[in-house]
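Hi,

Here is the structure I promised to pass on. My notes on the ligand and the pockets follow below it.

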Amino acid sequence: MRFIDLRSDTVTKPSPEMREAMYRAEVGDDGYAEDPTVTRLQEIVAERVGMEASLLAPSGIMANMLALLGHCGRGGEVILGNRTDMYMWECGGYSVVGAIHPYPLPNNEDGTIDLEEIEAAIREEDMHFPRTQLICIENSHNECGGVPLTPEYTASVIALARRHNVPVHVDGARVFNSAVAQGIDVKALTRGADSLMFCLSKGLACPVGSMVCGSREFIAEAVRNRKMLGGQMRQAGFLAAAGIVAMEQMVDRLAEDHSNAKLLADMLSEVKEISLKPQPIRTNMVFFRLPWERISIEELEARLHAEGVGVLRMHEWLRAVTHYGIVEGDVKQAATIIRRVIDSI
Ligand SMILES: *Cc1c(COP(=O)(O)O)cnc(C)c1O
């Protein structure tokens, strides 16, 4: 029996078209900006997200780090959600490398941070305080269940930030999921932001890579910081070739992942005692939990794994993510297995 891996959309493997494009990619030394395929990807992406320039980075964490280093100086402060990837899951790298101080604010269940909270957190000039140098939002919001932030909310954060002369970075690891779920152009989620990061290596199914986007000046600094972090690559056109295919072929199909996630949630909702979030399912994630007195979360995760379904523990929830390579039949089978395992405990 095939293992149905719903732990993350990072487990996706490149499509046949990507493999073909990678095989045929024209490459050069990107350290000298001489890889034509990397250059083309960076142009395509900048155009697609409505920013002046973009840069290929080896990972989303590094792309986020390049944004933080670009916007903040030593001792500068970044306002961000307390359930964001940047605050929770990135080893505090910007503090280690950039001496940047985080100011975490509570994320609501819908992935937002209250505007009043953001405004109150922006520091006045005072010799005792760090200086507010950046506001970050995450879209879609992973820990809140893959919920998409709306263009209206994004615009209101940006307007508030403008009034205080503070830049805004969007951690859009899954920003295309958010755009597709809302039936809008991704530019509606980036307009007015100073920088954006998104991952090629998640639902877009590339083997490696993330993009950081912003002004030409900002990207020139990111090139320098990427070098400093050891993230400059050479014949990276082999990776960029997959990225170009992702931009052309893998965005619209995210809708299929979203309908598969809805199907999974519908099937799981028939299990007694199960709790599901978010309500409703909007993108490619379903979080579920039981009253953990009955079975520990670790044990349920392990039992499901042994029965052929991979899910991932995130705090008190188990997360299932639909993605390229998971079809409707897999989702039905996974739901059947999950229901059977839960019924047996
Ligand atoms: C995955 C993820 C990242 C980091 O990307 P990596 O490629 O794993 O380094 C950053 N932010 C969010 C919201 C993510 O989901």
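A polar side-chain atom of D171 sits 2.7 Å from a nitrogen atom of the ligand, which counts as a polar contact (a pair of N or O atoms within 3.5 Å). K202 puts a side-chain N or O atom 2.7 Å from a ligand oxygen, and a polar backbone atom of I61 is 2.8 Å from an oxygen of the ligand. The protein covers 85% of the 380 Å² of accessible area that the ligand has on its own (Shrake-Rupley method, 1.4 Å probe).

Bear in mind that this is a predicted model, where local features need pLDDT of at least 70 and side-chain atom pairs count only at 80 or more, while totals for chains, interfaces and linings use all residues. Numbering runs from 1 along each chain as its sequence is written, and side-chain values use heavy atoms, without hydrogens and water.

Now the pockets (open sets of points on a 1 Å grid over the protein atoms alone, where a 1.4 Å probe fits, with protein on both sides within 12 Å along at least five of seven lines; lining residues have an atom within 4 Å of a point). The largest pocket is lined by 26 residues, with T10, D85, N142, R174 and K202 nearest its centre. Domain 1 (14-249) and domain 2 (253-343) both contribute to that lining, so the largest pocket lies between them; the bounds come from an automatic or database domain assignment. The second largest pocket also lies between these domains, because both give residues to its lining.

Cheers

Conventions:
A polar contact is a pair of N or O atoms within 3.5 Å; within protein, one must be able to donate a hydrogen and the other to accept it, and residues adjacent in sequence count only if both atoms are side-chain atoms.
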